[in-house]
Amino acid sequence: MIIRKSPAELEKMRRAGLLVHEILKHLQEMVSEGVTTLDLETAAEKMIRDAGAKPAFKGYFVPAAGGKYPFVLCTSVNHEVVHGMPSAKRVLKAGDIVSVDTGVSLEGYFGDSAVTIPVGEVSEQVRRLLRVTSESLDLAIDQMRAGNRLFDVCGVVERHVTSNGFSIVREYVGHGIGTSLHEEPQVPNYVDRRNENPRLKEGMVLAIEPMVNAGRPETKVMPDRWTAVTKDGSYAAHFEHCVAVTANGPWVLTRP
Ligand code: MF3
Ligand code: CO
């Protein structure tokens, strides 16, 4: 069942979404050569606590990993796709890209967003990977209109990414969001006709999160049981926003 939110609930989700935005904005300003991914974690956790919010990821149980995630951020560098763990040993250097993903709950409502940030100068091909992935998210956001269907959202991401020569990760998907981090429906970045294709209605909120590889689509999980990487070692990009369907069109809750 897809839970629809009232305008008052959307206002609460907006507050959570704007906090996530402020955190990611701060981390984007912090990212540069010599900064560690644990530095980002420390700054993010402080902002979450200072705002009176709770981290959505820290302590979140993931059956496939066999445990609770230990950090407020996922920091996935270069060929890491998602769920990279912050570490004092991971020193960012020019030419890297780092996906920073975080979620919070505020007054019982969740926000979740991610951005992939280049460190110093990155190659032309990597710049194109980031641009195409972020464009695919914007195209998906524009499909978040009452009367459209879920496959309209999934399909524009898939078409934009594949027509630009990159590949869509299939093992990880976006999700509904509200009073839980993960609600129905799943939001793949591709159309699979075996899935249901519900009509979008006012009050639905989806966390749309294209995960795109420069090379082959396959991923594997590292022995730490969390970090997903591209099998072929190619770079991966990840962008995410929470988007509500409203009478006035799409409302991106995690963007000012
Ligand atoms: N943005 C991701 C998601 O929505 C991050 C979850 S990390 C986890 O699934 F550890 F909390 F699972
Ligand atoms: Co998410």
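**Helix H1 and beyond**

Modeller: Start with the buried residues of H1: Leu-10, Met-13, Arg-14, Ala-16, Gly-17, Leu-19, Val-20, His-21, Ile-23, Leu-24 and Leu-27. Buried means under 20% relative accessible area, exposed over 50%, partly exposed in between (1.4 Å probe, protein chains only). The model is predicted: local features need pLDDT of at least 70, side-chain atom pairs pLDDT 80 or more, while totals for chains, interfaces and linings use all residues. Residues are numbered from 1 along each chain as written, chains are lettered from A and ligands numbered from 1 in written order, and side-chain values use heavy atoms, without hydrogens or water.

H1 covers residues 7-30, which is 24 residues. From first C-alpha to last, H1 reaches 34 Å, close to the expected 34 Å (1.5 Å times one less than the number of residues). Helices (H or I, at least four residues) and strands (E, at least two) are DSSP runs, numbered from the N terminus.

Now the metal. Asp-112 (OD), His-175 (NE2), Glu-209 (OE) and Glu-240 (OE) coordinate the cobalt ion (ligand 2) at 2.1 to 2.3 Å. Donors are N, O and S atoms within 2.8 Å of the metal (3.2 Å for Na, K and Ca). Along the sequence, the donor residues follow the spacing D-x62-H-x33-E-x30-E. His-175 sits in strand E9 (residues 174-176), and Glu-209 in the loop between strand E11 (205-208) and strand E12 (211-213). These two are 34 residues apart, so the pair links distant parts of the chain. Both His-175 and Glu-209 are buried. Six donor atoms surround the cobalt ion (ligand 2), and their angles run from 64 to 169 degrees, which makes the arrangement irregular. Six donors would count as octahedral with opposite donors over 155 degrees apart and all others between 65 and 115.

Next, the rings. The whole structure holds two aromatic pairs (centres within 6.5 Å; planes under 30 degrees apart stacked, over 60 edge-to-face, the rest tilted). Tyr-69 and Phe-71 have ring centres 6.1 Å apart and planes at 70 degrees, so this pair is edge-to-face. Tyr-69 and Trp-226 also pair edge-to-face, at 5.0 Å and 75 degrees. Tyr-69 lies in the loop between strands E3 (67-68) and E4 (73-77), Trp-226 in the loop between E13 (219-221) and E14 (228-230), so the pair ties together parts 157 residues apart in sequence. Tyr-69 and Phe-71 are buried, and Trp-226 is buried as well. Ring pairs link Tyr-69, Phe-71 and Trp-226 into a cluster.

Note on methods. Tetrahedral: all angles 85-135°; square planar, octahedral: opposite > 155°, others 65-115°. Phe/Tyr/Trp six-rings, centres within 6.5 Å; stacked < 30°, edge-to-face > 60°.
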